[in-house]
Amino acid sequence: MPNFGFSIHSPTHIDLDKNYRTIFNYVKVKEPSIQKCIFCGSCSATCTASNYSAMSLRKVNLLLHRGMVQEVRSLTEQCLLCGKCYLVCPRNVNTRRIILLIHEALKMPLS
Amino acid sequence: MKNRGKQLIWQNYQKDIADDHFFYVRSCIRQNFFPGAETTFLRILKDVLNKDVYDDPSHTTCTGIGYHTDIVPLETTMTVVARQFALMTEKGYKNFIPSCVTSFGLYLEILETWHNYPEVLEKTRSNLMLATGRSFVLPENIVHASDVIYKFRSEIAKKAKYRLVNIHTGKPLKVVEHIGCHYAKMFPDKSVGGAEFPRVLSGIIEEWGGEVIDYPERRHCCGFGFRQYFIKANRGYTFSSVKKKFDSMSPYEPDLIVTNCPGCNVFLDKGQYVISEQEGIVYSRDGYGIPVLTFEELTGVVLGFDPWDIGLQVHQVSVEPLLDKIGVKYDIQKKYTDKNNRLLGKPVKPTLLKTL
(Lines give C-alpha, C1' and ligand atoms only; values in the text may rest on other atoms or scores of the structure.)
Protein backbone atom coordinates (compact mmCIF):
# COMPACT_ATOMS: atom_id res chain seq x y z
CA MET A 1 0.00 0.00 0.00
CA PRO A 2 1.34 3.49 -0.82
CA ASN A 3 2.17 5.72 2.13
CA PHE A 4 -0.49 8.41 1.96
CA GLY A 5 0.63 10.23 5.12
CA PHE A 6 -2.89 10.21 6.54
CA SER A 7 -5.57 7.68 7.40
CA ILE A 8 -9.35 7.44 7.17
CA HIS A 9 -11.16 7.90 10.48
CA SER A 10 -14.02 5.67 11.51
CA PRO A 11 -17.32 7.55 11.64
CA THR A 12 -18.49 8.52 15.12
CA HIS A 13 -22.13 8.99 14.23
CA ILE A 14 -24.72 6.96 16.09
CA ASP A 15 -26.78 4.73 13.83
CA LEU A 16 -29.92 3.97 15.81
CA ASP A 17 -30.89 1.23 13.36
CA LYS A 18 -27.65 -0.67 13.63
CA ASN A 19 -26.22 -0.08 17.12
CA TYR A 20 -25.74 -2.86 19.66
CA ARG A 21 -28.81 -3.01 21.91
CA THR A 22 -28.39 -6.42 23.50
CA ILE A 23 -27.37 -5.14 26.95
CA PHE A 24 -30.03 -2.43 26.99
CA ASN A 25 -32.68 -4.98 26.03
CA TYR A 26 -31.45 -7.39 28.71
CA VAL A 27 -31.72 -4.71 31.39
CA LYS A 28 -35.05 -3.46 30.06
CA VAL A 29 -36.69 -6.86 30.37
CA LYS A 30 -35.45 -7.40 33.94
CA GLU A 31 -35.89 -3.80 35.12
CA PRO A 32 -38.49 -2.00 32.96
CA SER A 33 -38.15 1.19 35.00
CA ILE A 34 -35.03 2.04 32.93
CA GLN A 35 -37.45 3.18 30.23
CA LYS A 36 -38.86 5.84 32.57
CA CYS A 37 -35.55 7.74 32.70
CA ILE A 38 -35.89 11.32 31.50
CA PHE A 39 -32.12 11.97 31.55
CA CYS A 40 -32.52 14.79 34.12
CA GLY A 41 -29.09 14.02 35.61
CA SER A 42 -30.15 14.02 39.28
CA CYS A 43 -28.42 10.64 39.68
CA SER A 44 -25.18 12.06 38.30
CA ALA A 45 -25.41 15.18 40.48
CA THR A 46 -25.62 13.15 43.64
CA CYS A 47 -23.24 10.35 42.66
CA THR A 48 -20.53 9.64 45.26
CA ALA A 49 -18.19 8.13 42.67
CA SER A 50 -18.48 11.09 40.31
CA ASN A 51 -16.30 13.14 42.65
CA TYR A 52 -13.41 10.82 41.95
CA SER A 53 -14.17 9.38 38.49
CA ALA A 54 -16.11 9.96 35.27
CA MET A 55 -19.05 7.89 36.55
CA SER A 56 -22.45 9.26 35.59
CA LEU A 57 -25.51 7.04 35.48
CA ARG A 58 -27.16 9.40 33.05
CA LYS A 59 -24.24 8.92 30.69
CA VAL A 60 -24.31 5.15 31.24
CA ASN A 61 -27.95 5.04 30.18
CA LEU A 62 -27.22 7.15 27.09
CA LEU A 63 -24.29 4.91 26.13
CA LEU A 64 -26.46 1.83 26.67
CA HIS A 65 -28.98 3.22 24.18
CA ARG A 66 -26.16 3.84 21.74
CA GLY A 67 -24.73 0.35 22.21
CA MET A 68 -21.29 1.59 23.29
CA VAL A 69 -20.34 -1.39 25.42
CA GLN A 70 -16.71 -0.58 26.22
CA GLU A 71 -17.58 2.86 27.55
CA VAL A 72 -20.44 1.40 29.64
CA ARG A 73 -18.07 -1.18 31.12
CA SER A 74 -15.44 1.36 32.16
CA LEU A 75 -18.01 3.69 33.72
CA THR A 76 -19.99 1.10 35.66
CA GLU A 77 -16.77 -0.30 37.13
CA GLN A 78 -16.51 3.00 39.05
CA CYS A 79 -19.91 2.64 40.77
CA LEU A 80 -19.81 2.16 44.57
CA LEU A 81 -23.40 0.87 44.68
CA CYS A 82 -24.22 3.34 47.48
CA GLY A 83 -27.74 3.88 46.06
CA LYS A 84 -27.95 7.66 46.50
CA CYS A 85 -29.04 7.96 42.86
CA TYR A 86 -32.04 5.72 43.62
CA LEU A 87 -33.10 8.06 46.44
CA VAL A 88 -33.07 11.21 44.31
CA CYS A 89 -34.53 9.83 41.07
CA PRO A 90 -37.77 11.75 40.31
CA ARG A 91 -39.02 8.85 38.18
CA ASN A 92 -38.31 6.10 40.69
CA VAL A 93 -35.98 4.30 38.34
CA ASN A 94 -34.33 1.43 40.20
CA THR A 95 -30.86 2.68 39.38
CA ARG A 96 -28.94 0.41 41.71
CA ARG A 97 -30.51 -2.67 40.20
CA ILE A 98 -29.76 -1.35 36.71
CA ILE A 99 -26.05 -1.20 37.54
CA LEU A 100 -26.15 -4.75 38.91
CA LEU A 101 -27.96 -5.99 35.79
CA ILE A 102 -25.40 -4.28 33.55
CA HIS A 103 -22.60 -6.05 35.46
CA GLU A 104 -24.50 -9.30 34.95
CA ALA A 105 -25.02 -8.69 31.23
CA LEU A 106 -21.40 -7.71 30.67
CA LYS A 107 -20.27 -11.10 31.98
CA MET A 108 -22.37 -12.89 29.37
CA PRO A 109 -20.70 -14.27 26.21
CA LEU A 110 -22.56 -11.86 23.85
CA SER A 111 -20.99 -8.84 25.52
CA MET B 1 -48.78 21.94 3.65
CA LYS B 2 -51.20 22.89 0.94
CA ASN B 3 -50.00 22.47 -2.62
CA ARG B 4 -50.29 26.19 -3.32
CA GLY B 5 -47.91 26.94 -0.44
CA LYS B 6 -45.38 24.47 -1.81
CA GLN B 7 -45.54 26.10 -5.22
CA LEU B 8 -44.93 29.54 -3.71
CA ILE B 9 -41.90 28.30 -1.78
CA TRP B 10 -40.55 26.53 -4.87
CA GLN B 11 -40.83 29.79 -6.84
CA ASN B 12 -38.44 31.40 -4.35
CA TYR B 13 -35.78 28.91 -5.39
CA GLN B 14 -35.88 29.49 -9.13
CA LYS B 15 -33.65 31.95 -10.91
CA ASP B 16 -33.19 33.70 -14.21
CA ILE B 17 -30.67 32.01 -16.46
CA ALA B 18 -29.57 34.05 -19.45
CA ASP B 19 -30.33 32.74 -22.96
CA ASP B 20 -27.19 33.72 -24.81
CA HIS B 21 -23.98 35.82 -24.85
CA PHE B 22 -21.98 34.32 -22.01
CA PHE B 23 -18.61 35.31 -20.56
CA TYR B 24 -17.01 32.09 -19.37
CA VAL B 25 -14.43 31.82 -16.59
CA ARG B 26 -12.58 28.55 -16.03
CA SER B 27 -11.84 26.51 -12.94
CA CYS B 28 -8.31 25.93 -11.58
CA ILE B 29 -9.11 22.40 -10.46
CA ARG B 30 -11.29 21.31 -13.36
CA GLN B 31 -8.82 22.19 -16.10
CA ASN B 32 -6.05 20.33 -14.25
CA PHE B 33 -7.84 17.13 -13.24
CA PHE B 34 -10.47 16.85 -15.99
CA PRO B 35 -8.93 18.80 -18.84
CA GLY B 36 -11.52 17.80 -21.42
CA ALA B 37 -14.53 18.99 -19.44
CA GLU B 38 -14.36 22.73 -20.08
CA THR B 39 -13.49 22.31 -23.75
CA THR B 40 -16.52 20.03 -24.02
CA PHE B 41 -18.74 22.65 -22.36
CA LEU B 42 -17.61 25.32 -24.82
CA ARG B 43 -18.13 22.90 -27.72
CA ILE B 44 -21.67 22.15 -26.52
CA LEU B 45 -22.56 25.82 -26.20
CA LYS B 46 -20.97 26.88 -29.48
CA ASP B 47 -21.56 23.92 -31.79
CA VAL B 48 -24.64 22.19 -30.39
CA LEU B 49 -26.67 25.04 -28.89
CA ASN B 50 -25.26 27.75 -31.21
CA LYS B 51 -24.68 30.21 -28.38
CA ASP B 52 -22.23 33.06 -28.18
CA VAL B 53 -19.71 32.33 -25.42
CA TYR B 54 -16.40 34.08 -24.81
CA ASP B 55 -13.50 32.24 -23.16
CA ASP B 56 -11.06 34.99 -22.26
CA PRO B 57 -7.41 33.86 -22.17
CA SER B 58 -6.56 36.86 -19.94
CA HIS B 59 -8.64 35.79 -16.97
CA THR B 60 -6.97 34.37 -13.88
CA THR B 61 -7.92 32.28 -10.86
CA CYS B 62 -10.70 33.79 -8.75
CA THR B 63 -8.35 33.10 -5.76
CA GLY B 64 -11.08 30.95 -4.18
CA ILE B 65 -8.64 28.30 -3.02
CA GLY B 66 -6.26 30.85 -1.53
CA TYR B 67 -9.16 32.75 0.02
CA HIS B 68 -10.68 29.69 1.70
CA THR B 69 -7.28 28.58 3.00
CA ASP B 70 -6.58 32.03 4.50
CA ILE B 71 -3.64 32.71 2.20
CA VAL B 72 -5.18 35.48 0.08
CA PRO B 73 -6.77 38.43 1.94
CA LEU B 74 -10.36 39.32 1.08
CA GLU B 75 -9.39 42.74 -0.27
CA THR B 76 -7.05 41.10 -2.81
CA THR B 77 -9.69 38.53 -3.74
CA MET B 78 -12.21 41.30 -4.37
CA THR B 79 -9.74 43.14 -6.62
CA VAL B 80 -9.02 39.97 -8.63
CA VAL B 81 -12.76 39.31 -8.99
CA ALA B 82 -13.25 42.93 -10.04
CA ARG B 83 -10.61 42.36 -12.73
CA GLN B 84 -12.60 39.38 -14.09
CA PHE B 85 -15.67 41.64 -14.27
CA ALA B 86 -13.54 44.31 -15.98
CA LEU B 87 -12.50 41.81 -18.66
CA MET B 88 -16.17 40.92 -19.17
CA THR B 89 -17.08 44.60 -19.45
CA GLU B 90 -14.29 45.28 -21.94
CA LYS B 91 -15.50 42.42 -24.16
CA GLY B 92 -19.08 43.71 -24.04
CA TYR B 93 -20.68 40.85 -22.10
CA LYS B 94 -23.15 41.00 -19.20
CA ASN B 95 -23.81 37.33 -18.46
CA PHE B 96 -21.11 35.74 -16.34
CA ILE B 97 -20.76 31.94 -16.08
CA PRO B 98 -18.07 30.40 -13.87
CA SER B 99 -17.09 26.77 -14.43
CA CYS B 100 -16.24 26.24 -10.77
CA VAL B 101 -18.72 25.99 -7.90
CA THR B 102 -16.20 27.51 -5.47
CA SER B 103 -15.81 30.48 -7.82
CA PHE B 104 -19.59 30.71 -8.20
CA GLY B 105 -20.02 30.93 -4.42
CA LEU B 106 -17.18 33.43 -4.12
CA TYR B 107 -18.56 35.72 -6.84
CA LEU B 108 -21.97 35.66 -5.14
CA GLU B 109 -20.41 36.34 -1.75
CA ILE B 110 -18.50 39.33 -3.08
CA LEU B 111 -21.50 40.70 -4.99
CA GLU B 112 -23.57 40.38 -1.80
CA THR B 113 -20.87 42.19 0.16
CA TRP B 114 -20.74 45.00 -2.38
CA HIS B 115 -24.55 45.22 -2.33
CA ASN B 116 -24.64 45.63 1.45
CA TYR B 117 -21.48 47.72 1.78
CA PRO B 118 -21.26 50.10 -1.22
CA GLU B 119 -18.17 51.73 0.28
CA VAL B 120 -16.32 48.37 -0.09
CA LEU B 121 -17.31 48.32 -3.77
CA GLU B 122 -15.95 51.83 -4.22
CA LYS B 123 -12.72 50.88 -2.47
CA THR B 124 -12.38 47.82 -4.76
CA ARG B 125 -12.99 49.99 -7.83
CA SER B 126 -10.25 52.30 -6.63
CA ASN B 127 -7.86 49.37 -5.95
CA LEU B 128 -8.47 47.92 -9.41
CA MET B 129 -7.96 51.26 -11.10
CA LEU B 130 -4.70 51.85 -9.23
CA ALA B 131 -3.44 48.33 -9.93
CA THR B 132 -4.52 47.82 -13.55
CA GLY B 133 -6.16 50.99 -14.83
CA ARG B 134 -9.37 49.06 -15.48
CA SER B 135 -12.99 49.73 -14.53
CA PHE B 136 -16.00 47.43 -14.56
CA VAL B 137 -19.76 47.05 -14.63
CA LEU B 138 -21.42 44.46 -12.40
CA PRO B 139 -22.78 41.42 -14.28
CA GLU B 140 -26.50 41.42 -15.02
CA ASN B 141 -26.77 37.67 -14.78
CA ILE B 142 -24.44 35.32 -12.95
CA VAL B 143 -25.14 31.59 -13.04
CA HIS B 144 -23.08 28.43 -12.75
CA ALA B 145 -22.20 26.57 -15.96
CA SER B 146 -24.41 23.64 -14.87
CA ASP B 147 -27.38 26.05 -14.72
CA VAL B 148 -26.94 26.70 -18.45
CA ILE B 149 -27.01 22.96 -19.23
CA TYR B 150 -30.08 22.68 -16.96
CA LYS B 151 -31.83 25.46 -18.88
CA PHE B 152 -31.20 23.79 -22.24
CA ARG B 153 -31.66 20.18 -21.02
CA SER B 154 -34.71 19.56 -23.24
CA GLU B 155 -32.98 20.96 -26.31
CA ILE B 156 -29.95 18.75 -25.58
CA ALA B 157 -32.25 15.74 -25.07
CA LYS B 158 -33.68 16.28 -28.56
CA LYS B 159 -30.18 16.34 -30.07
CA ALA B 160 -28.82 13.52 -27.90
CA LYS B 161 -27.52 10.32 -29.44
CA TYR B 162 -27.82 8.28 -26.25
CA ARG B 163 -30.11 8.17 -23.25
CA LEU B 164 -29.25 7.30 -19.65
CA VAL B 165 -30.79 3.88 -20.04
CA ASN B 166 -29.11 0.50 -19.70
CA ILE B 167 -29.36 -0.95 -23.22
CA HIS B 168 -29.04 -4.49 -21.86
CA THR B 169 -31.94 -4.31 -19.41
CA GLY B 170 -33.94 -1.37 -20.80
CA LYS B 171 -34.07 0.16 -17.32
CA PRO B 172 -33.01 3.73 -16.44
CA LEU B 173 -29.47 4.08 -15.13
CA LYS B 174 -29.33 4.66 -11.38
CA VAL B 175 -27.55 7.96 -10.97
CA VAL B 176 -26.18 9.69 -7.88
CA GLU B 177 -26.12 13.46 -8.27
CA HIS B 178 -23.68 15.36 -6.08
CA ILE B 179 -23.89 19.13 -5.90
CA GLY B 180 -21.02 21.25 -4.64
CA CYS B 181 -21.71 22.90 -1.27
CA HIS B 182 -20.99 26.40 -2.57
CA TYR B 183 -23.61 26.05 -5.31
CA ALA B 184 -26.67 26.25 -3.06
CA LYS B 185 -25.73 26.06 0.61
CA MET B 186 -24.33 29.62 0.78
CA PHE B 187 -27.04 31.43 -1.21
CA PRO B 188 -30.00 29.03 -1.64
CA ASP B 189 -32.04 31.63 -3.54
CA LYS B 190 -29.30 31.87 -6.18
CA SER B 191 -29.64 28.18 -7.08
CA VAL B 192 -32.22 26.08 -8.86
CA GLY B 193 -34.16 24.39 -6.07
CA GLY B 194 -32.39 25.72 -2.96
CA ALA B 195 -30.00 23.97 -0.59
CA GLU B 196 -32.22 21.05 0.34
CA PHE B 197 -33.73 20.22 -3.04
CA PRO B 198 -31.29 21.49 -5.66
CA ARG B 199 -32.73 20.52 -8.99
CA VAL B 200 -29.89 21.47 -11.30
CA LEU B 201 -28.49 17.96 -11.81
CA SER B 202 -31.51 15.83 -10.97
CA GLY B 203 -33.51 17.78 -13.58
CA ILE B 204 -30.86 17.03 -16.21
CA ILE B 205 -30.61 13.33 -15.29
CA GLU B 206 -34.36 12.73 -15.37
CA GLU B 207 -34.75 14.63 -18.64
CA TRP B 208 -32.17 12.35 -20.25
CA GLY B 209 -33.79 9.14 -19.03
CA GLY B 210 -31.89 8.36 -15.81
CA GLU B 211 -33.23 7.65 -12.33
CA VAL B 212 -31.89 9.74 -9.43
CA ILE B 213 -30.99 7.91 -6.23
CA ASP B 214 -32.07 9.52 -2.97
CA TYR B 215 -29.67 8.09 -0.37
CA PRO B 216 -29.20 9.16 3.28
CA GLU B 217 -25.95 11.15 2.87
CA ARG B 218 -26.98 12.73 -0.43
CA ARG B 219 -26.34 16.29 0.74
CA HIS B 220 -23.16 15.50 2.70
CA CYS B 221 -20.05 17.41 1.62
CA CYS B 222 -17.50 15.53 -0.50
CA GLY B 223 -14.96 16.36 2.21
CA PHE B 224 -12.72 18.74 0.24
CA GLY B 225 -13.19 21.55 2.75
CA PHE B 226 -10.01 23.33 1.54
CA ARG B 227 -8.08 23.34 4.83
CA GLN B 228 -9.10 19.71 5.32
CA TYR B 229 -7.42 18.64 2.12
CA PHE B 230 -4.64 21.17 1.61
CA ILE B 231 -3.08 20.40 4.99
CA LYS B 232 -1.78 16.90 4.51
CA ALA B 233 -2.29 15.79 8.11
CA ASN B 234 -5.98 16.73 7.81
CA ARG B 235 -6.64 14.73 4.66
CA GLY B 236 -8.12 11.92 6.72
CA TYR B 237 -11.15 14.19 7.23
CA THR B 238 -11.60 14.49 3.49
CA PHE B 239 -11.52 10.79 2.79
CA SER B 240 -13.62 9.97 5.87
CA SER B 241 -16.32 12.13 4.27
CA VAL B 242 -15.85 10.42 0.92
CA LYS B 243 -16.14 7.01 2.59
CA LYS B 244 -19.24 8.09 4.50
CA LYS B 245 -20.92 9.03 1.25
CA PHE B 246 -19.95 5.84 -0.54
CA ASP B 247 -20.98 3.66 2.42
CA SER B 248 -24.35 5.38 2.26
CA MET B 249 -24.91 5.21 -1.51
CA SER B 250 -23.42 1.80 -2.32
CA PRO B 251 -26.42 -0.32 -1.17
CA TYR B 252 -28.40 1.36 -3.99
CA GLU B 253 -25.81 0.13 -6.53
CA PRO B 254 -25.51 3.33 -8.58
CA ASP B 255 -24.30 3.06 -12.18
CA LEU B 256 -22.90 6.57 -12.21
CA ILE B 257 -22.15 9.67 -10.13
CA VAL B 258 -22.54 13.13 -11.66
CA THR B 259 -21.16 16.27 -10.04
CA ASN B 260 -21.25 19.96 -10.89
CA CYS B 261 -18.27 20.92 -8.73
CA PRO B 262 -14.67 20.31 -9.85
CA GLY B 263 -13.43 19.51 -6.33
CA CYS B 264 -16.23 17.03 -5.62
CA ASN B 265 -15.45 15.26 -8.87
CA VAL B 266 -11.80 14.85 -7.87
CA PHE B 267 -12.56 13.46 -4.43
CA LEU B 268 -15.39 11.14 -5.42
CA ASP B 269 -13.30 9.78 -8.33
CA LYS B 270 -9.76 9.61 -6.88
CA GLY B 271 -11.16 8.93 -3.40
CA GLN B 272 -12.30 5.50 -4.52
CA TYR B 273 -8.65 4.64 -5.18
CA VAL B 274 -7.57 5.89 -1.72
CA ILE B 275 -10.34 3.94 0.03
CA SER B 276 -9.53 0.79 -1.93
CA GLU B 277 -5.86 1.00 -0.95
CA GLN B 278 -6.40 1.96 2.68
CA GLU B 279 -9.57 0.11 3.59
CA GLY B 280 -9.65 -2.66 0.99
CA ILE B 281 -13.14 -1.63 -0.17
CA VAL B 282 -14.37 -1.24 -3.77
CA TYR B 283 -17.90 0.09 -4.16
CA SER B 284 -19.17 -1.98 -7.05
CA ARG B 285 -19.77 -5.66 -7.61
CA ASP B 286 -17.59 -5.82 -10.71
CA GLY B 287 -14.60 -4.35 -8.83
CA TYR B 288 -14.20 -1.31 -11.10
CA GLY B 289 -15.80 1.21 -8.73
CA ILE B 290 -18.53 3.72 -9.54
CA PRO B 291 -17.72 6.02 -12.50
CA VAL B 292 -17.81 9.74 -11.68
CA LEU B 293 -18.47 12.23 -14.47
CA THR B 294 -18.70 15.99 -14.49
CA PHE B 295 -21.93 17.43 -15.89
CA GLU B 296 -20.06 18.61 -19.04
CA GLU B 297 -18.64 15.15 -19.64
CA LEU B 298 -22.04 13.52 -19.16
CA THR B 299 -23.57 15.98 -21.63
CA GLY B 300 -20.79 15.18 -24.10
CA VAL B 301 -21.42 11.45 -23.69
CA VAL B 302 -25.18 11.68 -24.36
CA LEU B 303 -24.51 13.93 -27.35
CA GLY B 304 -22.26 11.22 -28.82
CA PHE B 305 -18.85 12.94 -28.50
CA ASP B 306 -15.84 10.60 -28.58
CA PRO B 307 -15.19 9.67 -24.91
CA TRP B 308 -11.43 10.13 -25.36
CA ASP B 309 -11.97 13.64 -26.82
CA ILE B 310 -13.83 14.72 -23.69
CA GLY B 311 -11.09 13.38 -21.43
CA LEU B 312 -12.72 10.34 -19.84
CA GLN B 313 -9.38 8.46 -19.96
CA VAL B 314 -7.96 10.63 -17.16
CA HIS B 315 -10.54 9.44 -14.66
CA GLN B 316 -9.34 7.14 -11.89
CA VAL B 317 -12.42 4.92 -12.11
CA SER B 318 -12.67 3.29 -15.55
CA VAL B 319 -15.65 4.57 -17.51
CA GLU B 320 -15.88 1.70 -20.01
CA PRO B 321 -18.45 -0.34 -17.99
CA LEU B 322 -20.69 2.75 -17.98
CA LEU B 323 -20.18 3.42 -21.70
CA ASP B 324 -21.08 -0.21 -22.42
CA LYS B 325 -24.31 0.14 -20.44
CA ILE B 326 -25.30 3.28 -22.36
CA GLY B 327 -24.24 1.71 -25.67
CA VAL B 328 -21.55 4.26 -26.50
CA LYS B 329 -19.14 3.15 -29.24
CA TYR B 330 -15.47 3.76 -28.47
CA ASP B 331 -12.08 2.56 -29.61
CA ILE B 332 -10.16 1.15 -26.64
CA GLN B 333 -6.90 1.31 -28.65
CA LYS B 334 -7.16 5.10 -28.73
CA LYS B 335 -7.68 5.56 -25.00
CA TYR B 336 -4.11 6.58 -24.27
CA THR B 337 -3.02 7.98 -27.63
CA ASP B 338 -2.88 11.55 -28.85
CA LYS B 339 -4.32 12.90 -32.10
CA ASN B 340 -1.31 11.53 -34.01
CA ASN B 341 -1.78 8.06 -32.50
CA ARG B 342 1.32 8.38 -30.34
CA LEU B 343 1.10 6.59 -27.00
CA LEU B 344 0.81 9.07 -24.12
CA GLY B 345 1.77 6.49 -21.48
CA LYS B 346 -0.49 4.42 -19.29
CA PRO B 347 -1.27 4.93 -15.60
CA VAL B 348 0.02 2.52 -12.94
CA LYS B 349 -2.56 -0.10 -11.90
CA PRO B 350 -3.97 0.19 -8.36
CA THR B 351 -3.64 -2.80 -6.00
CA LEU B 352 -7.31 -3.59 -5.60
CA LEU B 353 -9.41 -1.26 -7.74
CA LYS B 354 -9.71 -2.83 -11.19
CA THR B 355 -9.00 -0.60 -14.20
CA LEU B 356 -9.19 -1.13 -17.93
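Predicted model: local features only at pLDDT ≥ 70, side-chain atom pairs only at ≥ 80, totals over all residues.
Trainee: What is the radius of gyration of chain B, and what does the globule rule give for 356 residues?
Mentor: The C-alpha trace of chain B spans about 60 × 50 × 45 Å along its principal axes. For 356 residues the globule rule gives 21 Å, and chain B comes close to that, so it is as compact as a globular protein of that length. Its radius of gyration is 20 Å.

Trainee: Among contacts in chain B with a separation of 6 or more, what share comes from residues 24 or more positions apart?
Mentor: Take the contacts of chain B with a separation of 6 or more. Then keep those between residues 24 or more positions apart. Their share is 76%.

Trainee: Which residue of S7(B) is the bridge partner of Val175(B)?
Mentor: Strand S5 (residues 174–178) and strand S7 (residues 256–259) of chain B run parallel, joined by four bridges. Val175(B) has its bridge partner in S7(B). That partner is Leu256(B).

Trainee: Which residue in S8(B) does Thr259(B) stand opposite?
Mentor: S7(B) and S8(B) also pair in the parallel sense, over three bridges. Thr259(B) faces a residue of S8(B). The residue is Thr294(B).

Trainee: Which residues of S7(B) point the other way from Leu256(B) and Val258(B)?
Mentor: In a regular strand the side chains alternate between the two faces of the sheet. In S7(B), Leu256(B) and Val258(B) point one way, and the residues pointing either way are all buried. The other way point Ile257(B) and Thr259(B).

Trainee: Why does H5(B) count as roughly perpendicular to H7(B)?
Mentor: The axes of helix H5 (residues 74–91) and helix H7 (residues 118–132) of chain B come within 9 Å. They cross at roughly 75 degrees. Angles of 65 to 115 degrees count as roughly perpendicular. That makes H5(B), relative to H7(B), roughly perpendicular.

Trainee: How do the residues of the contact of H5(B) with H7(B) divide?
Mentor: On the side of H5(B) are Met78(B), Thr79(B), Ala82(B), Arg83(B) and Ala86(B). The H7(B) side includes Arg125(B), Leu128(B) and Ala131(B). The contact divides into five nonpolar, four polar and two charged.

Trainee: Is Thr63(B) buried or exposed?
Mentor: Thr63(B) lies in the loop between strand S2 (53–55) and helix H4 (64–68) of chain B. Its phi is positive, about 75 degrees, although it is not a glycine. It has 21 other C-beta atoms within 10 Å, so Thr63(B) is buried.

Trainee: What does His21(B) count as, with 14 C-beta neighbours inside 10 Å?
Mentor: Most residues other than glycine have a negative phi. His21(B) has a positive phi, near 60 degrees. Its place is the loop between helix H1 (3–12) and strand S1 (22–25) of chain B. With those 14 neighbours, His21(B) counts as partly exposed.

Trainee: Which helix supplies the largest share of the side of chain B that touches chain A?
Mentor: The contact takes 14 residues from chain B and nine residues from chain A. Helix H13 (235–249) and helix H14 (262–279) of chain B each supply at least two residues of the chain B side. The largest share is six residues, from H13(B).

Terms used. Residues numbered from 1 in each chain as written. Chains lettered and ligands numbered in written order. Pairing = 2+ DSSP bridges. Buried ≥ 20, exposed ≤ 12 C-beta atoms within 10 Å, placed from the backbone. Axes fitted to C-alpha atoms, helices over the stretch in contact; angles between N-to-C directions. Parallel < 35°, antiparallel > 145°, perpendicular 65-115°, else oblique. Contact = placed C-beta atoms within 7 Å. Nonpolar A, V, L, I, M, F, W, Y, C, P; charged D, E, K, R; others polar. Rg over C-alpha atoms; globule rule 2.2 N^0.38 Å.
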